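Student: I would like to learn how to read charged side chains in a model. Please take me through them one pair at a time.

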Amino acid sequence: MAIFDDEPKKKARPHEIGQDLSLLSVGELSERIGILRDEIARLEAELKAKDNTKSVAEALFRRG
């Protein structure tokens, strides 16, 4: 049955906000918490970068 091997596999979404968590195992919940913590860190880093850019732009326009 090679036709099934060639079909692209659908990726399961790692987490969906508001989804039913009752069917997940302790391991799956822990994994999702890790994924969400990593995403929060990524979002905070982007926010900090944007704040720094904004501060530099404001300083530049204050001098002019």
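Tutor: Helices (H or I, at least four residues) and strands (E, at least two) are DSSP runs, numbered from the N terminus. This is a predicted model, in which local features need pLDDT of at least 70 and side-chain atom pairs count only at pLDDT 80 or more, while totals for chains, interfaces and linings use all residues. Residues are numbered from 1 along each chain as its sequence is written, and side-chain values use heavy atoms, leaving out hydrogens and water.

Student: How many helices and strands does the chain have?

Tutor: The chain has 2 helices and 0 strands.

Student: What do the side chains of E39 and R42 form?

Tutor: Here is the general idea: side chains of opposite charge can pair when their charged atoms come close. In this case E39 and R42 meet in a salt bridge, at 2.8 Å from N to O. The term means a side-chain nitrogen of Lys or Arg within 4 Å of a carboxyl oxygen of Asp or Glu.

Student: How many salt bridges does the structure hold?

Tutor: The structure holds 3. Another one joins E46 to K50, with their closest N and O atoms 3.7 Å apart. E46 and K50 are also in helix α2, 4 residues apart, which is about one turn. With a relative accessible area of 43%, E46 is partly exposed, whereas K50 is exposed at 52%.

Student: Which residue forms a salt bridge with E58?

Tutor: That is R62, and the N to O distance is 3.7 Å. E58 and R62 are separated by about one helical turn because they are 4 residues apart in helix α2. E58 counts as partly exposed at 35% relative accessibility, while R62 is exposed at 66%.

Student: What share of the chain counts as buried?

Tutor: Of its 64 residues, 3% count as buried. R32, in helix α2, is buried, yet R32 has no salt bridge.

Student: Which side chain of opposite charge is nearest to R32?

Tutor: It is E28, 5.7 Å away. For charge, Lys and Arg count as positive and Asp and Glu as negative; His and the chain ends are not counted. E28 is in helix α2 too, and is partly exposed at 35% relative accessibility.

Student: What do the side chains of R32 and E28 reach?

Tutor: R32 makes a polar contact with the side chain of Q19 at 2.9 Å. Such a contact is a pair of N or O atoms within 3.5 Å; within protein, one must be able to donate a hydrogen and the other to accept it, and residues adjacent in sequence count only if both atoms are side-chain atoms. The side chain of E28 reaches the backbone nitrogen of S25 at 2.8 Å.

Student: How far apart are E28 and H15?

Tutor: They are 13 residues apart in sequence, and their C-alpha atoms are 9.9 Å apart in space.

Definitions and conventions: Buried means under 20% relative accessible area, exposed over 50%, partly exposed in between (1.4 Å probe, protein chains only).
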